[in-house]
Amino acid sequence: MGGTRKRSAVSLWSATARFPERAPLEGDRRTGVLVIGGGLTGVLCAHLLRAAGVPYLLVEANRIGGGVTGHTTAKVTLLHGLRYESLCRASQDRAAQYLWAQRLALAEYRRLGAVIDCEYTQQDAFVYARDSAHGPLREVEALRELGVDADFAVDLPLPFEVVGAVRCPGQARVHPLKLLGALAAPLAVYERTPVLEIEGEVAVTPRARIRAEKVIFACHYPFVDSCGGYFLKQYQHRSYTLALEGAPVLEGMYVDARENGLSLRTQGGYLLLGGGDHRTGKRGGGYEVLRAFAATHYPQARERFAWAAQDCMTLDGLPYIGGYSPSRPNWYVATGFQKWGMTNAMAAALLLRDRVLGESPAWAEVFDPARAPRLVGLAAQSAQAALGYLTPTAHRCTHLGCGLRRNTQEGTLDCPCHGSRFSESGAVLDGPATKPLPTKQEKAPGGGSAKKAPNNPTNRPPPKPPNTQPDTSRNGAEGVRP
């Protein structure tokens, strides 16, 4: 790429949005609903509960918007890869339910974009293929059967050849932190208030106990392992984004039909180039793939920002939104957004608002966390965990003891089993782990870690950063991307 490279450790969103820091919660409280997590999902939940007159509190372990919301590519679209053709093959009803949720989300963003200065801009969305047009053609057919205005496109303004794409008009892009900041301004939000443990109606934080009639876990990865079994039903993925200055302006939003392909869209004067995806704790393309692509196709561009996101991936490709577990009837959860967190965060907030009010929308079934996981996926996840337990390494995850692997591109220690991440100093960056790595003094003889205590349910933050939007992909908060 041309020019001197100027890189920032924060995302474009964090660099261009500021909102005041909130005080931690001090003193015991009672409330109707405790919302855990200050990303877009949690803030939208609190926003809707407040509008409905429901008493609530929102607690965030670090800073609001410092997790996936601050590291998304912020594409607001119902077009989620080649999703609907496969959903229709399995169940036309489930496909219709999923689509209805996305349409509700799009309509709500359109309403908010008209009254909040968040750079809301309507765009066409595209899912392109580079090898075979078969997938996009079938997806267009499925979308049309579901009543979506979609068509097949071939001539795209991309720097490489495609064989075809799904085009869906009337989608949107947005600045996620400007939206989040405006929504959070009137809300009862407490930052740097991690939940250390929770049982029934009582949540314990460092300076307060909160007694809540209902609890919403909007904290990216559900951290209570004793029920729900989420550590068995999902895993996590890393993905990377560069903001390039001086690249051509793209109209529209473009995503490869392949999971490891590229994403491209423009925001202001920057081209956002995303990709390099891999399972957390595994090797993958990372920033190197994006930089090589940019050097080849946009040699005149300069890299101004580079950031990564962490996404929860379910075994059947659908989010878990609804009751946390049959054994906890007053707990609710939103997780597993499959890298499509903008619309699924809104759908989750709408659904959970209704559940708190004693209602259950007709489209809720497709997201039911109690649905049976696919046996093939469950077996693969269990095999990966077993391999992680048996792998000899210098560091072991404080969640369930899997061997950690070094992520050389980000300078972290990552868990391939469930996706926890740690800094070089041992601080927790991403859950489900909640305890830092043991120090050298705490290690057992022979170099292995001392016997670890059971994992306490918590969303403990990393050390306190300066009073700006933090550059971290973990705030115990949310699962929002794109």
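View 1. Phi of alanine 74 is near 55°, a positive value in a residue other than glycine. As background, most residues other than glycine have a negative phi, and most peptide bonds are trans.

**View 2. The whole protein as a predicted model.** This is a predicted model, in which local features need pLDDT of at least 70 and side-chain atom pairs count only at pLDDT 80 or more, while totals for chains, interfaces and linings use all residues. Residues are numbered from 1 along each chain as its sequence is written, and side-chain values use heavy atoms, with hydrogens and water left out. The protein has 10 helices and 21 strands, and buried residues make up 61% of its 482 residues. Among contacts between residues at least 6 apart in sequence, 75% join residues at least 24 apart, a contact being heavy atoms within 4.5 Å.

**View 3. Confidence along the chain.** The mean pLDDT of the protein is 88, and 86% of its residues reach 70 or more; pLDDT is the predictor's confidence in each residue, from 0 to 100. Over residues 2–8 the pLDDT is below 50, and this stretch has 16 contacts in the model beyond near neighbours in sequence. Over residues 444–481 the pLDDT likewise stays under 50, and there the model has 157 contacts beyond four places in sequence.

**View 4. Glutamate 119, a partly exposed residue with a positive phi.** Glutamate 119 lies in the loop between H4 and strand E4 (121–129). Phi of glutamate 119 is near 60°, a positive value in a residue other than glycine. With a relative accessible area of 29%, glutamate 119 is partly exposed.

**View 5. The packing of helix H2 and helix H4.** Helix H2 (residues 40–51) and helix H4 (residues 92–115) pack at an angle of about 80°, with their axes 14 Å apart; the axes are lines fitted to C-alpha atoms, for helices over the stretch in contact, and angles run from 0 to 180 degrees between N-to-C directions. H2 and H4 are therefore roughly perpendicular to each other, since angles of 65 to 115 degrees count as roughly perpendicular, those under 35 as roughly parallel, those over 145 as roughly antiparallel and the rest as oblique. On the H2 side the contact is made by Leu40, Leu44 and His47, and on the H4 side by Tyr109, Arg111 and Leu112. These contact residues divide into 4 nonpolar, 1 polar and 1 charged, where Ala, Val, Leu, Ile, Met, Phe, Trp, Tyr, Cys and Pro count as nonpolar, Asp, Glu, Lys and Arg as charged, and the others, Gly among them, as polar.

**View 6. The buried residues of helix H3.** In helix H3 (residues 83–90) the buried residues are Arg83, Tyr84, Glu85, Leu87 and Cys88. These buried residues of H3 pack against H4 and helix H5 (134–145).

**View 7. The surroundings of leucine 156.** Leucine 156 lies in the loop between strand E5 (151–153) and strand E6 (164–173), and at 11% relative accessibility it counts as buried. Not counting residues up to four places away in sequence, leucine 156 touches Phe126, Tyr128, Val162, Ala165 and Tyr254. Leucine 156 and glutamate 251 are 95 residues apart in sequence and 9.9 Å apart in space, C-alpha to C-alpha.

**View 8. The disulfide of cysteine 402 and cysteine 417.** A disulfide joins cysteine 402 to cysteine 417, with an S to S distance of 2.1 Å; a disulfide is a pair of cysteine sulfur atoms within 2.5 Å, and by this rule the count comes to 1 disulfide. Cysteine 402 lies in the loop between helix H10 (375–390) and strand E18 (405–407) and cysteine 417 in the loop between strand E19 (412–414) and strand E20 (421–423), so the pair ties together parts that are 15 residues apart in sequence. The link of cysteine 402 and cysteine 417 is left-handed, with -100° about the S-S bond, and both cysteine 402 and cysteine 417 are buried.

Key
Helices (H or I, at least four residues) and strands (E, at least two) are DSSP runs, numbered from the N terminus. Buried means under 20% relative accessible area, exposed over 50%, partly exposed in between (1.4 Å probe, protein chains only).
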